[in-house]
Amino acid sequence: MTRKTVLNDSHRALGAKMVDFGGWDMPLNYGSQIEEHHAVRRDAGMFDVSHMTVVDMRGPRTCEFLGHLFANNIGKLKIPGKALYSCMLNADGGVIDDLIVYFIAEDFFRTVVNASTRDKDLAWITEKAKAFDVQITERTDLAMIAAQGPNARAKVASVLGEAAAARALKLGKFVAVEADGLFIARTGYTGEDGFEIMVAESAAVDLWNRLHAAGVQPAGLGARDTLRLEAGMNLYGQDMDESITPWEAGLAWTISLDEGRKFIGRSALEAQKAAGVTRDMVGIIMDEKGVLRHGQRVLTESGDGEILSGTFSPTLGKAIAFARIPAGARDAVRVDIRGREVSVRVVKYPFVRDGQAVVA
Amino acid sequence: MKEIPGDLMFLKSHEWVRVEDNGTATIGISDHAQGLLGDLVYVELPNVGDTAQAGTAAAVVESVKAASDVYSPVSGEIVAVNDALADRPETINEDAYGEGWIFVVKLSDRDELQEMLDPDAYAELIESEED
């Protein structure tokens with residue numbers, strides 16, 4: 001059965017084109033996904049991300065548990081509200097999911113995992129939590145709205161009470177605060193500044209309407225995908241999965257091999273690193289007209305690879321992609337598009353950050 | 001939904017044909033099809049002088065979301081292509097039945113037109129698809 005977020009009627013009333021996304025009936029766009037993309041880059045847009053899975057974890061040994069569960073080091077979180085991006089790995093070092101975790105109190109952490117991986121994530125987390133007596137609670141009572149763009153923070157603040165607005169505007173990047181009954185985090189998935197706001201389901205439609213009235217433009221999953229890819233952010237299932245390690249998915253920066261911490265997957269990661277990682281995730285730009293797509297074959301002088309996430313970048317006006325190719329291959333890279341070999345450039349990503357092209 | 005001009009005929013795969021007085025056929029994709037594809041960002045046009053075969057792909061339209069073949073409903077020599085689409089593929093989103101035409105074929109077999117749907121039949125088809 002298709003699930004609906006509490007904002008489903010709001011999307012339909014706005015004329016959204018709805019699609020099935022991981023079992024959820026979600027807005028793809030409200031007319032033009034390119035216009036929605038530009039609204040986020042230039043002003044402020046908002047996404048219903050209530051389909052994502054919010055999980056609270058409580059208990060005196062929660063921090064120790066998360067040190068075991070996550071490849072990034074939860075110990076980096078020193079102040080309440082601070083967030084961390086991490087992978088959750090299986091014993092082989094494969095990525096079960098990528099997530100954000102918030103430090104709320106010594107005995108209380110909150111994580112947000114993908115909608116498409118909800119069932120296996122909850123099963124995994126619950127199973128592993130037993131040994132640490134950590135209580136796992138899925139927060140199905142919360143909706144989530146991401147307001148993103150250069151003017152998003154100011155527009156969100158304009159619909160909050162005075163005290164809550166002041167606290168929200170003071171937030172540093174990757175930090176969250178509870179205010180006005182909302183959980184407001186200065187995080188996102190677009191490469192723009194903004195907030196991700198968790199709100200009680202019963203108050204979500206009202207918040208959505210107030211944000212809309214404040215000039216925050218509704219944006220769908222289509223724009224969300226082009227924005228995150230421009231921003232150089234991975235999408236689970238497309239850029240990595242359980243057969244891929246973070247080394248092979250451009251996520252080495254999220255692995256913390258700190259002294260003595262035995263997280264799940266660590267020994268496999270260390271073994272792979274010692275043996276040499278043979279595949280690399282790279283950014284690709286195509287200067288010729290056309291669009292790079294998931295699954296296209298990439299040809300290099302060291303062997304073949306494939307396009308992972310690929311799309312047309314509205315900001316750059318050309319096709320961009322992530323590709324997994326033999327490690328070190330950089331020159332004479334081509335992509336097979338309907339039988340035609342098209343030259344592409346391997347580039348560092350992000351492609352776009354804070355509204356500006358980072359690559360030429 | 002946009003009104004469908006009465007002088008068009010359609011394939012089930014959402015291409016339209018307009019037969020002109022001079023024996024050529026102008027081909028594009030329907031307004032319904034552009035809506036399904038979303039914002040178009042690239043059109044791969046055939047070359048003038050190529051031969052189109054009825055029922056085979058002659059062009060490709062790509063939206064942010066997906067690439068889609070455009071089948072030629074009729075056979076014959078391609079005598080014109082809409083070069084303006086190279087810079088403004090979104091013209092198809094804006095005016096699928098007018099400025100968004102894709103290519104023109106010199107008809108070689110008018111019988112091929114018999115197979116096609118008239119505007120009412122096509123409207124019925126897309127209505128049933130939406131259920």
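Helices (H or I, at least four residues) and strands (E, at least two) are DSSP runs, numbered from the N terminus.

**Entry 1: ground rules.** I am working on a predicted model, where local features need pLDDT of at least 70, side-chain atom pairs count only at pLDDT 80 or more, and totals for chains, interfaces and linings use all residues. Residues are numbered from 1 along each chain as its sequence is written, while chains are lettered from A and ligands numbered from 1 in the order in which they are written.

**Entry 2: one residue.** I looked up Ile325(A) and found it in strand β17 (residues 318-326) of chain A. Is Ile325(A) buried or exposed? Ile325(A) counts as buried because it has 23 C-beta neighbours inside 10 Å; the cut-offs are 20 or more other C-beta atoms within 10 Å for buried, 12 or fewer for exposed, and partly exposed in between, with C-beta atoms placed from the backbone. Leaving out residues up to four places away in sequence, I see Ile325(A) touching Arg279(A), Asp280(A), Val282(A), Val298(A), Thr300(A) and Gly305(A). A contact here means C-beta atoms, placed from the backbone, within 7 Å. Val282(A) is 43 residues from Ile325(A) along the chain, and their C-alpha atoms are separated by 7.5 Å.

**Entry 3: a sheet.** Next I traced an open sheet of 5 strands in chain A, ordered β5-β6-β7-β4-β8 with antiparallel pairing (strands pair if DSSP finds at least two bridges between them). At the edges I find β5 (83-89) and β8 (135-138) of chain A, each pairing on one side only. The twist averages 30° from one strand to the next. β5(A) is joined to β6 (residues 95-105) of chain A by 7 bridges in the antiparallel sense, and Leu84(A) stands opposite Val101(A) in β6(A).

**Entry 4: two helices.** How do α2(A) and α8(A) pack? Their angle is about 55° and their axes are 8 Å apart; axes are lines fitted to C-alpha atoms, for helices over the stretch in contact, and angles run from 0 to 180 degrees between N-to-C directions. α2(A) and α8(A) are therefore oblique to each other (under 35 degrees is roughly parallel, over 145 roughly antiparallel, 65 to 115 roughly perpendicular, the rest oblique). I noted that Gln33(A), Glu36(A), His37(A) and Val40(A) in α2(A) meet Gly222(A), Ala223(A), Thr226(A) and Leu227(A) in α8(A).

Note on methods:
Two residues are in contact if their C-beta atoms, placed from the backbone, lie within 7 Å.
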